[in-house]
Amino acid sequence: MPDAPLSGKRTYDTPDKDQPVYPCVCFAVMVVFAVYAVLPFYWLIIAATKTNGGIVGSLGLSLPAVPTR
């Protein structure tokens, strides 16, 4: 006895191999949201290691050349 119904409709037990773009698009969207969520924390940590002039004088997204005390 076959697992698929006799009406000819597809079952959704396995991924659709005809449309491999959908998982890639979903993954790309998740990566964009993850970067969007993590970037403020990264900037906060980097900004904590710089002086005020170092933050204003650069983009603020890299470590300082000389550590500050």
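Cys26 is partly exposed in this predicted model, with a relative accessible area of 30%. Cys24 has a relative accessibility of 53% and so counts as exposed. A disulfide is a covalent bond between the sulfur atoms of two cysteines. The cut-off used here is a pair of cysteine sulfur atoms within 2.5 Å, and by this rule the count comes to 0 disulfides.

The next topic is the fold as a whole. The protein chain contains 2 helices and 0 strands. It has 69 residues, of which 6% count as buried. Its accessible surface comes to about 6,700 Å², and carbon and sulfur atoms account for 71% of that area.

Helix α1 runs over residues 21–48 and includes Val35. With its 28 residues, α1 reaches 41 Å from the first C-alpha to the last, which is close to the 40 Å expected at 1.5 Å a residue. The helix also has a kink of about 30 degrees at Val38, shortly before the proline Pro40.

Val35 also belongs to a nonpolar patch on the surface, together with Phe27, Met30, Val31, Leu39 and Tyr42. The accessible area of these residues together is about 590 Å².

Methods
Residues are numbered from 1 along each chain as its sequence is written. This is a predicted model: local features need pLDDT of at least 70, side-chain atom pairs count only at pLDDT 80 or more; totals for chains, interfaces and linings use all residues. Side-chain values use heavy atoms; hydrogens and water are left out. Patches are made of residues with over 30% relative accessible area and no salt bridge: like charges are joined within 9 Å, nonpolar side chains (Val, Leu, Ile, Met, Phe, Trp, Tyr) within 5 Å. Accessible areas come from the Shrake-Rupley method with a 1.4 Å probe; for residues, only the protein chains shown count as cover. A salt bridge is a side-chain nitrogen of Lys or Arg within 4 Å of a carboxyl oxygen of Asp or Glu. Helices (H or I, at least four residues) and strands (E, at least two) are DSSP runs, numbered from the N terminus. Buried means under 20% relative accessible area, exposed over 50%, partly exposed in between (1.4 Å probe, protein chains only). The expected span of a helix is 1.5 Å times one less than its number of residues. The bend at a residue is the angle between axes fitted to the seven residues ending there and the seven starting there.
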